[in-house]
Amino acid sequence: MQLMDELPMLYLILTATWCLYERNDLQGSMKGKMRAGLVLVICIVCTGLIAFTEKSDTAHDIGRSIMVVSFSGSLIYVFYAASIATGEHQEVLGKDEYNPMGELFSYGFLSMMVALISWIIDNMMCDFLYSLPIYPQLHAIGWHFGTASAVYFMLLALHIHRLGMKSYKYEIDYVYYIIPVVKT
């Protein structure tokens, strides 16, 4: 069950990395398709090594190492590339225009930081948290809700970037005043 938590997150962060890396390839070049294939191979190799080997096996450790390194590197790249993509989108919009992409990436970054802090606290202070009268569910609520929110905000921002690069008009609407939705 732990893998049902970890592997989809790896797939998402690698896909987001590919989307950001290929964000200006509007024609779908062969190199971009090859990079997409590389992402698929990494996902398949990690899944195979982790899901189908024993925890004590060296192959399992190799799979975990590949997963940790690719996840960490991708997470750093996503936030770095997101800041660059936001600047590119501002250029497309014009200097003085409101840029919702930056706002969405900021929400995504904040959500990811809340998720990471929740996960770290939950792991480091597990015994203390369980001793409280009400367990705060930092992993379930903080980590899962935070990462899901971060992915949602970042994917919306990437969608806005793509629309802007193709000169499509869009607007941001909010469901219940808090959930952003892109309308074209």
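Q: Which word describes how α2 and α3 lie to each other?
A: This is a predicted model, where local features need pLDDT of at least 70, side-chain atom pairs count only at pLDDT 80 or more, and totals for chains, interfaces and linings use all residues. Residues are numbered from 1 along each chain as its sequence is written, and side-chain values use heavy atoms, leaving out hydrogens and water. Helices here are DSSP runs (H or I, at least four residues), numbered from the N terminus, and α2 (residues 30-51) packs with α3 (residues 58-93) at about 140 degrees, axes 7 Å apart. Angles under 35 degrees count as roughly parallel, over 145 as roughly antiparallel, 65 to 115 as roughly perpendicular and the rest as oblique, so α2 and α3 are oblique.

Q: How many nonpolar residues does the contact of α2 with α3 have?
A: Contact means heavy atoms within 4.5 Å, and residues making it include I42 and L49 of α2 and I62 and M67 of α3. Ala, Val, Leu, Ile, Met, Phe, Trp, Tyr, Cys and Pro count as nonpolar, Asp, Glu, Lys and Arg as charged, and the others, Gly among them, as polar. Set aside three polar and one charged residues, and the nonpolar count is nine.

Q: At about what angle do α3 and α6 pack?
A: Axes are lines fitted to C-alpha atoms, for helices over the stretch in contact, and angles run from 0 to 180 degrees between N-to-C directions. Among the residues that meet are V78 and F79 in α3 and M154 and I160 in α6. The axes of α3 and α6 (residues 138-165) are 10 Å apart, and the angle is about 35 degrees.

Q: Is S74 buried or exposed?
A: S74 sits in α3, and beyond its neighbours within four places in sequence, S74 touches I13, L14 and T17. Buried means under 20% relative accessible area, exposed over 50%, partly exposed in between (1.4 Å probe, protein chains only). At 6%, S74 is therefore buried.

Q: Which residues is Y21 in contact with, leaving aside its neighbours within four places in sequence?
A: Y21 lies in α1 and is partly exposed at 48% relative accessibility. With those neighbours left aside, the partners are R35 and Y77.

Q: Which helix has the highest mean pLDDT?
A: pLDDT is the predictor's confidence in each residue, from 0 to 100, and the protein chain averages 86, with 99% of the residues at 70 or above. Helix α1 (residues 2-21) has the lowest mean, 82, and the highest, 89, belongs to α4.

Notes
Helices (H or I, at least four residues) and strands (E, at least two) are DSSP runs, numbered from the N terminus.
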